[in-house]
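The points are grouped by topic.

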Amino acid sequence: MRASAAIEVRGMGKKFCRSLKRSALYGVVDVARGAIGLPLKTGDLRRDEFRALDGIDFSLAAGESLGVIGHNGAGKSTLLKVLSGIIEPDRGRVSIRGRVGALIQLGAGFHPQLTGRENIYVNGQILGMGRREIEAKFDRILAFAEIGDFLDTPVKYYSSGMFVRLGFAVAAHLDPDILLVDEVLSVGDMEFQARCMAFMSTLRERGTILLFVSHNEELVRRSCERAMLLDHGRCVALGSMGEVYAAYHRRVDWMPPSRSGNQRAEIDEVQILNGAGQPAETLRLGETMTLRVRVIPHEPIENPVLDVGFNCNRGYVAAAANNQDCGFDLGPRTEPFWIEMRFPELNLAPGGYRLTVQIMGADRLEVYDWQRNQWPLYIEADRYVRGAAHLPVEWAVRNDSQRRTERKCSGHESLSPSA
Amino acid sequence: MSPSTTQVEYFPNRQQQLGLRVWAEMFAELRRHRGLVWQLCVRDVSARYKQSVLGIAWALLLPLTMMLLFTLLNRARVLPIGPTPVPYPLFVYVGLLSWQLFAKSLTLGTQSIVANISVLSQIKVPGEAFVFASLGQALFEFLMGLVVLSGLFVWYGVVPGWPVVFVPLLLVVVLLTAAGLGFLLGLANAALRDVSNMLPMLTTLWLFATPVIYPVPTSWPWCLVSILNPLSPLIANIRSLTLEGRWVMGCELAASVVFSILTLLVGWRLFHLLEPKIAERL
């Protein structure tokens, strides 16, 4: 069966309704129209309706894997629910070949009063296993869940970690041809996550199709070959990890620009130049970047301090530069001037950043102009870089018996052919 | 290879386009999930009695108290019932026990959809399984009630005649009626929670509109009770077959059976059709 497992989605769309009352009404109307053979009016949106999914097209063959990423509410979970057959699409066509296992919510169907053992049987059957199948797999499920002495304890006394482990263990042993995973691993601890990832990779080796929804870039990159980016129900990028994540980082836009300061001096212009000296928003990892800042002093100022911060859209300040810390004095300034900063290797991790530029007095207490999150900057790379930055590193290897190094490599060229 | 590994297609209005083939699909699905239905029965029954001291005794207590209550009201002439063919406690107990089977199935079946909504909206599982499983829970309580009934038979020295073998058939009809109505009310309950608030009132009123605590009325207008109420011939026959060994209300009974099957088919079909809509809206 597995060799022929396949998912094919063509022009699939799904509308939802924000209002509960209207949604019941529309549901009845749709069913009634369908029953008497009238076509559904899928083209237009009725009041309070929105498209949770729209025009989704993709197909996966045995052994392929797809990471589904996007903001909350982009339609990721809806997509998994349609694929598993829980909800019906109202446009297009979905065809599925093979047994589908969906890890949408672990432990859905667990009864708090019942013991772990009883719940394994109930949950296994809800997921579609037969009693004999569960009996045959019982020991493996138990070993995976690691609930130990709690097997015969009601699951309401389980820690949330145990609950999730048991849920995953049952669902994972369904032995599906197609596995749909929706952000369920984030609940467990790191060891559990690692075991789940290992389990999913063994399933993949056996030809299982994997659809993986997660906000964790590292997990998605490690477990999938390709990715799909959803935005408000539409597929806006589908392809290699590098491409899709670059598109994703551009859409993470939660850092609002703001400005304050007493305006004794004003930051007039900021230019970001790439390695070729051209203005750019997107740079390759490791590329040379030049930053030019034009400042207009409205009053004479003495030794102002320019501070540049790289705010990452993952929620931290990735780096900052400050002329005073570098021992570079700007001196007395009365007329507009340009400051140029050159970063020979911009080694920030691929992602979206916003520059915060600040000009202040020599005491760093008087802020003349502070423009936060004003200038976007995107770093791209073909491969995943773990952590906040890529440190240039030189590698060498030699045997105990050797006196001289055998092979050396700076390991950096592969990352970025500077333009 | 289980049938779930074959190819499936999802597209708008899928069920309507399948036409009558959808019935084959529904029966196949139910057959495939019969293990689940059983497991859910066991789950509900064992979870229900797990955290109580009296445990299964609770299943006996409700019809027993009701029997004592109505017997008392009858004796005290608050609710005088007239002559019955067997001692009144036995008469009312058989009625109550079979009524309870219906009322319990209906209540649990109606509530089962909303009670298991977290499963229905997260896992692809036929919701029918939950409705049919709640019949099992009601049936379990009924079987427990038979223990008390056999005690009453011994006490009053009544031996049921051979026609009692037809009673299980009637019980099936009662269960199917409850399932059909449970599907319909369960759907309504998923849309409007008012239904589950209304349910105790409905079953109580319906109890008094059915010849459970009194014999089948013959005088106008009370005989309407037995003509318009599809439960009347069922309960009346269960009781008369058990206690007197004879059939009553032949035409009405046939109408009841037809009603029961129609309700089940309509309810099940509608439920099957609307289930994905429930899953997406709750």
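In chain A, helix 3 and helix 5 (residues 160-172) cross at roughly 45 degrees, and their axes come within 9 Å. The model is predicted, and every value below is computed from it.

**Helix 3 and helix 5 of chain A**

- Helix 3 of chain A contributes A:Gly116, A:Ile120, A:Asn123, A:Gly124 and A:Leu127 to the contact, while helix 5 of chain A contributes A:Leu166, A:Val170 and A:Ala171.
- By class, the residues of this contact are 5 nonpolar and 3 polar, with no charged residue.

**Helix 3 and helix 4 of chain A**

- Helix 3 of chain A also packs on helix 4 (residues 131-145) of chain A, where the axes come within 10 Å and cross at roughly 125 degrees.
- Helix 3 of chain A and helix 4 of chain A are therefore oblique to each other.
- The crossing of helix 3 of chain A with helix 4 of chain A is right-handed.
- On the helix 3 side, A:Ile120, A:Tyr121, A:Gly124 and A:Gln125 take part, and they meet A:Arg131, A:Ile134, A:Phe138 and A:Ile141 of helix 4 of chain A.
- This contact of helix 3 with helix 4 of chain A divides into 5 nonpolar, 2 polar and 1 charged residues.
- A:Ile120 and A:Gly124 of helix 3 are listed in the contact with helix 5 of chain A and in the contact with helix 4 of chain A.

**Helix 5 and helix 7 of chain B**

- In chain B, helix 5 (residues 88-115) and helix 7 (residues 128-156) pack with their axes 8 Å apart, at an angle of about 170 degrees.
- That angle makes helix 5 of chain B roughly antiparallel to helix 7 of chain B, because it is over 145 degrees.
- The contact of helix 5 of chain B with helix 7 of chain B holds 17 nonpolar, 7 polar and 2 charged residues.
- Helix 5 of chain B passes helix 7 of chain B in a right-handed crossing.

**Strand 1 of chain A and its partners**

- Strand 1 (residues 6-17) of chain A runs antiparallel to strand 2 (residues 49-61) of chain A, and 9 bridges join them.
- In this pairing, A:Phe16 stands opposite A:Phe50 of strand 2 of chain A.
- Strand 1 of chain A also pairs with strand 4 of chain A, in the antiparallel sense, over 6 bridges.
- There, A:Arg10 stands opposite A:Arg93 of strand 4 of chain A.

- An open sheet of chain A is formed by 3 strands in the order 11-13-18, with antiparallel pairing.
- Strand 11 (265-273) and strand 18 (337-343) of chain A are at the edges with a single partner strand each, so one side of each has no neighbour in the sheet.
- On average, neighbouring strands of this sheet are turned by 20 degrees against each other, direction ignored.
- Strand 13 (residues 289-297) of chain A and strand 18 of chain A are paired over 7 bridges in the antiparallel sense.
- A:Val295 has A:Phe337, in strand 18 of chain A, as its bridge partner.

**Domains of chain A**

- The domain assignment divides chain A into domain 1 (2-251) and domain 2 (258-380).
- Taken over C-alpha atoms, the centres of domain 1 and domain 2 of chain A are separated by 44 Å.
- The contact between them takes 5 residues from domain 1 of chain A and 6 residues from domain 2 of chain A.
- On the side of domain 1 of chain A that touches domain 2 of chain A, there are 2 nonpolar, 2 polar and 1 charged residues.

**Contact between chain A and chain B**

- Chain A gives 43 residues to the contact, and chain B gives 36 residues.
- Helix 1 (20-35), helix 2 (76-84), strand 4 (91-97) and helix 3 (116-127) of chain A each supply at least two residues of the side that touches chain B.
- That side of chain A comprises 19 nonpolar, 15 polar and 9 charged residues.
- Strand 4 of chain A and strand 1 (residues 7-10) of chain B run antiparallel and are joined by 4 bridges.
- A:Arg97 stands opposite B:Gln7 of strand 1 of chain B.

Key:
Residues are numbered from 1 along each chain as its sequence is written. Chains are lettered from A and ligands numbered from 1 in the order in which they are written. This is a predicted model: local features need pLDDT of at least 70, side-chain atom pairs count only at pLDDT 80 or more; totals for chains, interfaces and linings use all residues. Two residues are in contact if their C-beta atoms, placed from the backbone, lie within 7 Å. Ala, Val, Leu, Ile, Met, Phe, Trp, Tyr, Cys and Pro count as nonpolar, Asp, Glu, Lys and Arg as charged, and the others, Gly among them, as polar. Two strands pair if DSSP finds at least two bridges between them. Axes are lines fitted to C-alpha atoms, for helices over the stretch in contact, and angles run from 0 to 180 degrees between N-to-C directions. Angles under 35 degrees count as roughly parallel, over 145 as roughly antiparallel, 65 to 115 as roughly perpendicular and the rest as oblique. A crossing is left-handed if the near helix is turned anticlockwise from the far one by less than a right angle, and right-handed if clockwise. Domain bounds come from an automatic or database domain assignment.
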